Amino acid sequence: MLIQSSKNFKFFFPCQPPYLFLKIPQISYASTAPELSDDRRYDFFSRVVPPDSFQAQAMVDIIQALNWTYVSTVASEGSYGEKGVEAFTQLSKEAGGICIAQSLKIPHNPKTEDYDKTIQQLLETRNARAIIIFASEEDIRGVLNATKRANEVGHFVWIGSDSWGSKGSPIHQLEDIAVGAVTILPKRSSIEGFDEYFMGLTLENNRRNVWFAEFWEENFDCRLLSGSKREDSSRKCTGQERIGIDSKYEQEGKVQFVIDAVYAMAHALHNMHKDLCPNHPGVCPQMESTDGKTLLKYIRNASFNGSASTSVVFNKNGDAPGRYDLFQFQLTNSSGPEYKVVGQWADTLQLRLEELQWPDGEQEVPISVCSLPCKTGERKKKVKGMPCCWICELCDGYQYQYDETSCRLCAYNMRPNSNRTACQHIPIIKLEWHSPWAVIPVFLAMLGIIATIFVMATFVRYNDTPIVRASGRELSYVLLTGIFLCYIITFLMIAKPDIAVCAFRRIFLGLGMCISYAALLTKTNRIYRIFEQGKQTVTAPRFISPTSQIAITSSLISVQLLGVLVWFAVDPPNTIVDYDEQKTINPMLARGVLKCDITDLQIICSLGYSILLMVTCTIYAIKTRDVPEDFNEAKPIGFTMYTTCIVWLAFIPIFFGTAQSAEKLYIQTTTLTVSMNLSASVALGMLYMPKVYIIIFHPELNVQKRKRSFKAVVTAATMSSRLSQKPSERPNGEAKTELCENPAADPMSEYTP
């Protein structure tokens, strides 16, 4: 507060006790002092003390150095606390990366409940362990006591302003609560000679200071007789008490700033006098007419070496440079708890992190963040209105962490790596030979191939015997070739796909079945035509010779080959990697399937013609079911076709029912190959194994019967058919007669056209 008189400038500086009243005599200049707000608690002289903004900036730098992003503030109600928190809040926003969890205010004349309420509110945001406190000594003690009552010793880490500094009174008997507190105090020096001067002051030699008597009573806890304001003390002051002897004394740290403030004014007035009143003693008329703004300009331009041998200058805002010592209250083994200098701040922070100690013996810097850092592979989902708070969300599925706040989907042929920081290629697989899905079909195919070769070798060895001739040697060899190809396709379906393998798959996938059923269809059609025409005439049907049968079979097979050639022309064979087939929910289990570019529909179309031949052959087998078993192979062919139809009826739902399965590659390949193996095995077993058995183990039955004409053969077959009818169904009421032919003979095999 600036006190003016007509002859003097008197200045009162509201420092901590002892209070100082300074007077600059013989300057009769009273009208030029700048108007300053009383709300600042100090006038323009006290701006040599670093302002709140510098303290706040030092605190912001400390918080950033300790990697804290989430803090709370506590302030005493009033200009000091509120202005300090306001400056800190503004600077933390400008610095970025610091969020205020709570900003609490302690009211004037607080009660114990007010301190307890403050602590309870701070505990609502437990992650904000760092507490910025701009408060009076009483409020600091109140907050620390409330922390102890709440049994939260060691939870909070305090960052105290210069009102805390390195004082012992705020933490007396609360040392365990204050351990780890980092405090700030303007850098100061003890002024030589001031202690001697101040300790020599008495009531007699310092009557000019009207507040000195009040200080005397407070310092010595006594009561002066005249005008005393202390009614609680019964001891009377003698006036003989001595400062530092009868009471504790320590030089106030802001003495240097008060002295520098006086010198700043003196330098400003001196410089103004030099400019406005050169060669003129005392105040000239130009100085008397100067307003306060001009004086303020000279004050801000003043620069000199201060009382502590540090330069005193003012910035554009009129503030002196901020210089602070940083303390931490630590527990030491030697001397007990004490404040230790851990750094300093002068525009920039110098903090010795290795010297810091923390509550409860923590070795690492305590964490004071709203949200912990997300793990690798997680993205930050910001909380609205709180940039320092977020929710960690895992980049799920086939996503990887692109940056801190976003995930991106990997390419279709890639998946995220184990920590989801990048994408990697999906492993490519194929059906392996050692897989159980391949072992069974291969085993069946090997048995089938051996059996087929054995049958074919037997037929070749006994090519001219009656049973081989009666089987229709030419079509038998064609049928055996088709059966052999049905077994061979198993190896092509399991082999590693390449262009050649894919081409052979297209060719042989339906060719083996086509050859087999074309031969069987030709046989059943021949039998059907012979016996149908035999009912009407004794003339032999056309195209029943071996050559004709081969020609008909070849024609049917050529349709399949023609379709394959068209397929080659329209869509040349190639390999693909199917990443959708085994793209599981868990990307670590995803696999790319190397296969030929043959779709399920194309497989069915390739087999469709063979299935058509199979169905047609089955129809002829049904039509020739009444032919006597002695006449050719109608009934074995019928049983073969019935069984084959059952096999393929089971194949279709299994094949298409597993289209969405993760094991599609294995199930469909195994189903297809097993179905073809079973079809071939049924034909081989029912049509050839009985003949081979007779050829090898009963050669006495493999003899030629007497030859008969086609007419005799048809007549015998017709009579046999009629004898099988009921008497009521026989024409003209014919009586049952016996056929004189030997039933063991095969009339068709004995017929020579």
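Visitor: What covers the buried residues of helix 3?
Guide: The cover includes strand 4 (70-76), strand 5 (99-106), strand 6 (130-134), helix 4 (137-149) and strand 7 (157-160). Helices (H or I, at least four residues) and strands (E, at least two) are DSSP runs, numbered from the N terminus. This is a predicted model, in which local features need pLDDT of at least 70 and side-chain atom pairs count only at pLDDT 80 or more, while totals for chains, interfaces and linings use all residues. Residues are numbered from 1 along each chain as its sequence is written, and side-chain values use heavy atoms, with hydrogens and water left out.

Visitor: Which residues of helix 3 are buried?
Guide: They are Y115, T118, I119, L122 and L123. They lie on the same side of helix 3 because they cover an arc of only 135° around the axis; the arc is that of the directions from the helix axis to the C-beta atoms. An α-helix has 3.6 residues a turn, so residues three or four places apart point the same way. The face of helix 3 turned away from the buried side carries the exposed residues E113 and K117.

Visitor: Why is S161 called buried?
Guide: Buried means under 20% relative accessible area, exposed over 50%, and partly exposed in between (1.4 Å probe, protein chains only). S161 has 0% relative accessibility, so S161 counts as buried. S161 sits in the loop between strand 7 and helix 5 (175-178). Leaving aside neighbours within four places in sequence, S161 is in contact (heavy atoms within 4.5 Å) with Q55, M59, Y80, I133, F134, A135 and I184.

Visitor: Why is I507 called partly exposed?
Guide: I507 has 25% relative accessibility and therefore counts as partly exposed. This residue lies in helix 14 (residues 499-534). Not counting residues up to four places away in sequence, I507 touches V564 and F568. I507 and W567 are 60 residues apart in sequence, while their C-alpha atoms are 9.9 Å apart in space.

Visitor: How do you know that R129 forms a salt bridge with E362?
Guide: A salt bridge is a side-chain nitrogen of Lys or Arg within 4 Å of a carboxyl oxygen of Asp or Glu. The closest N and O atoms of R129 and E362 are 3.1 Å apart, so the pair meets the cut-off. The pair links distant parts of the chain, 233 residues apart: R129 is in the loop between helix 3 and strand 6, and E362 is in the loop between strand 13 (348-351) and strand 14 (378-383). R129, at 14% relative accessibility, counts as buried, whereas E362, at 29%, is partly exposed.

Visitor: What makes K167 and E137 a salt bridge?
Guide: Their closest N and O atoms are also 3.1 Å apart. K167 lies in the loop between strand 7 and helix 5 and E137 lies in helix 4, so the pair ties together parts that are 30 residues apart in sequence. K167, at 24% relative accessibility, counts as partly exposed, and E137, at 26%, counts as partly exposed too.

Visitor: How many salt bridges does the structure hold?
Guide: The structure holds 18. One of them joins the side chains of E204 and R207 at 2.9 Å, N to O, and both of these residues are exposed. Salt bridges that share partners also join K340, R352 and E355 into one network.

Visitor: What makes the nonpolar surface patch of about 380 Å²?
Guide: I440, F443, L444 and L447 make this patch. Patches are made of residues with over 30% relative accessible area and no salt bridge: like charges are joined within 9 Å, nonpolar side chains (Val, Leu, Ile, Met, Phe, Trp, Tyr) within 5 Å. L447, in helix 11 (residues 436-461), has a relative accessible area of 45% and is therefore partly exposed.

Visitor: How many helices and strands does the protein have?
Guide: The secondary structure comes to 21 helices and 22 strands. Of the 753 residues, 47% are buried. The accessible surface (Shrake-Rupley method with a 1.4 Å probe; for residues, only the protein chains shown count as cover) comes to about 38300 Å², of which 56% belongs to carbon and sulfur atoms.
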